[in-house]
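Please look through the report below with the model open beside it, and take the sections in order.

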Amino acid sequence: MAEESFLADDFLRQLMSVGEVDLLVGIPTYNNAATLGQTLQSVEESLRQNFVRERAVILNVDGGSADETRQLFVQSGGRRDAGPRGLTSLRTTHRISCEYGKAPSQGLALLNIVAAADLLRAKACAVISPTTTNLTPSWVVNLLRPVYSERLDFVAPLYARSRFQGLLARDLLYPMSRAIFGQRVREIYCEEWGFSGRLASQCLEKEVWREEAVRARPEAWMAVTAIGGGLKCGQSFLGPKIAPPTGTDIVEIIRQTVGNFFWCMETNQATWLRGSNSQPVPTFGPDHELSLDGVPPSQEKIFELFRSGVSELEPILASILAQDTHAEIKAIALSDRSKFHFPAELWVKTVYEFAASYHHAVLNRYHLVQALVPLYRGQLYSFLLEHANASAEAMETQSEALCQEFERQKPYLVERWKVKR
Amino acid sequence: MKEVIIQGLRQAYSNLVRMFAEFLPRLLVMLVIVIVGLLVAYVLRAILRAVLHVTRLDRLSEEAGASRFLRMAALPSMTELLSRSLFWVTWSGFILIGISVLGVAGLQEQISRLFLLLPAIFIAILILFVGLVTANFLSRAALLAAVNAGYTSPKLLSWSIRFVIWALAVSMALEQVGVARQTVLAAFSIVFGALMFGLAIAFGLGGRELAREFLERNLRDKKKEKYEEPQPL
């Protein structure tokens, strides 16, 4: 078995002492001593109240914390409080902790979790982020239940968002993933998600764990693997997510997410090149929740960065984009700032041409993805300008229209993708 | 008198025949060496082409931006260029060996000099190629980083990086071949020193106010002016 080569002896011993389980909750950590206690409490409470008869294990995979994260995990033993219906778990919830390395890596953390899930023959698994400060027991059950009871293989979270939150996901990642892979899963880039033991075993067999795209954002690759493998995907509403700001270095985030998505497209091209329309997926709870709070960001600077990017990166953009697309972008960059509009059709064409150029490697791929940043800023500015006072419904309507535009232009992507260079 | 002339002509004729008799086998050997060289060069070119196709060098070259330069210079792809170079270097080597077999005294020395230079020329070409690829890659990385961070004059930064790497590569290549070693070293030092000195003067004297503003903005008031992008995920 693949996992025999990389799992530490001590970790294997702990896994063997647990035996088989029904549920596995993985908590990847790195210096999370401050918030881990609350996370553990919520996870244990959820297992105790909702899965009384099931065998469960909580697995901590640590990336070499310098604080007392691991000690805290091991020492904070579970209490056996009765649930709201007076029920208490009939079984012991096991706790296992391992250190997979001396530096944090989402990919390595997930690799250890799926290897453990495979060895313990877990039926349903969930990954929970210890940085979420408002995690409640309902989150855990909302991710595990659809897998355990409804037999889904991948369950993405749905978060309640403010209107200026998650704009990259709304304007690019969701519409594109929906159009390409044909499943309407809103959040494939997430920190909490659920998956089946079957999907864990399939993922474990893939030899992609050393790829940087998988190391950085393994959850999206896992979702794409599930879709590509014909497994059942769904999504579950969790509520608003509160986590300490992880920084908004848009270049790094686009490199990790969009770069990862282009990589997933390339490695799964056999599954999406033939597909056409998207299908809705089973959704537990509301499909979306958008609140109107939040302060609009500084728009002037965003437009400045778009305009200077289009001008300074002209030769790079010329090698990525089609001539007419490039000309249109240069034309809108010269337009009046107050009347600026980035048409959805042009945005979709631009993104698809970037994807095709990534496939044909017309440029170093890191550089290519970075060249998208100024154009994303243009699209962002257009969105903020047009939706400064829009209602939640209007924003959702616009989002749906953009998704449909991505689906409508998919044949154009396929055509450019297949062109021999 | 007549006999002396006939004797001389006979002597000359026999010398000529002897020379031909000595030269012809050498010429044949040379032709054989050239033909064998041609075959060996063909085989090596085919092997290198196959190996480079397997290692996807063209894709790497495309990603690094070297292919763009080759296209601009109307040159073939990287795989083709290297394969053809190997072909010509190999065949030229065999031709030179063949010529040396002829035993023409003046040529011998020149050929041995050329042979001594060949590895140095090859290494110089390699240095230039690596320099070109590195300069292109790093200057583009700097341009993208500067544009995305919103710095002023990103192209200047990018071209400075490209120029410094090119200058370094060219001076290293020339030194490798041994062309005016001291002159190249001195020229590089002068050009590089002048560039740095010029920048120091331009920024320090010409742009004193600008430099002060720049430093104040970037060091003292960095926290105040930090630009926050909306949460993307």
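## Chain B and its helices

How many helices and how many strands make up the secondary structure of chain B? Chain B has eight helices and zero strands, where helices (H or I, at least four residues) and strands (E, at least two) are DSSP runs numbered from the N terminus. Read along the sequence, this gives the pattern α-α-α-α-α-α-α-α.

The model is predicted, and local features need pLDDT of at least 70, side-chain atom pairs count only at pLDDT 80 or more, and totals for chains, interfaces and linings use all residues. Residues are numbered from 1 along each chain as its sequence is written, chains are lettered from A and ligands numbered from 1 in the order in which they are written, and side-chain values use heavy atoms, with hydrogens and water left out.

Of the 233 residues of chain B, 24% count as buried; buried means under 20% relative accessible area, exposed means over 50%, and partly exposed lies in between (1.4 Å probe, protein chains only). The accessible surface of chain B comes to about 15700 Å², and 72% of this area belongs to carbon and sulfur atoms, the areas being computed by the Shrake-Rupley method with a 1.4 Å probe, where for residues only the protein chains shown count as cover. Among contacts in chain B (heavy atoms within 4.5 Å) between residues at least 6 apart in sequence, 65% join residues at least 24 apart.

A nonpolar surface patch of about 530 Å² is made by B:Val32, B:Val36, B:Val40, B:Val43, B:Leu44, B:Ile47 and B:Val51. Patches are made of residues with over 30% relative accessible area and no salt bridge, with like charges joined within 9 Å and nonpolar side chains (Val, Leu, Ile, Met, Phe, Trp, Tyr) within 5 Å.

## Salt bridges

A search of the whole structure finds 23 salt bridges over all chains, a salt bridge being a side-chain nitrogen of Lys or Arg within 4 Å of a carboxyl oxygen of Asp or Glu. In one of them, A:Glu20 pairs with A:Arg121, and the closest N and O atoms are 3.5 Å apart. Because A:Glu20 lies in the loop between helix H1 (9–18) and strand S1 (23–29) of chain A, and A:Arg121 in the loop between helix H4 (106–119) and strand S4 (124–127) of chain A, the pair ties together parts that are 101 residues apart in sequence. A:Glu20 is partly exposed, with a relative accessible area of 43%, whereas A:Arg121 counts as exposed at 55%.

In chain B, a salt bridge joins B:Glu80 and B:Arg49, with 2.9 Å between the closest N and O atoms. This pair links distant parts of the chain, with B:Glu80 in helix H4 (residues 78–102) and B:Arg49 in helix H1 (residues 2–54), 31 residues apart. B:Glu80 is buried, with a relative accessible area of 18%, while B:Arg49 is partly exposed at 26%.

## The surroundings of A:Arg186

A:Arg186 is buried, with a relative accessible area of 16%, and forms a salt bridge with A:Asp287 in which the closest N and O atoms are 3.3 Å apart. A:Asp287 counts as partly exposed, at 34% relative accessibility.

The side chain of A:Arg186 is also joined to that of A:Glu396 by a polar contact of 2.7 Å. A polar contact is a pair of N or O atoms within 3.5 Å; within protein, one must be able to donate a hydrogen and the other to accept it, and residues adjacent in sequence count only if both atoms are side-chain atoms. A:Glu396 is found in helix H18 (residues 392–408) of chain A and is buried, with a relative accessible area of 16%. Not counting residues up to four places away in sequence, A:Glu396 touches A:Arg186 and A:His288.

## Where the chains meet

The size of an interface is often given as the accessible area lost when the parts come together. Between chain A and chain B the buried area (the accessible area, 1.4 Å probe, that two parts lose on being put together, summed over both) is about 2800 Å², of which carbon and sulfur atoms give 61%. The contact takes 42 residues from chain A and 21 residues from chain B.

Which kinds of polar pairing are found across the interface of chain A and chain B? The rule finds three residue pairs in polar contact, both residues being at pLDDT 80 or more, while the count of salt bridges between chain A and chain B is zero.
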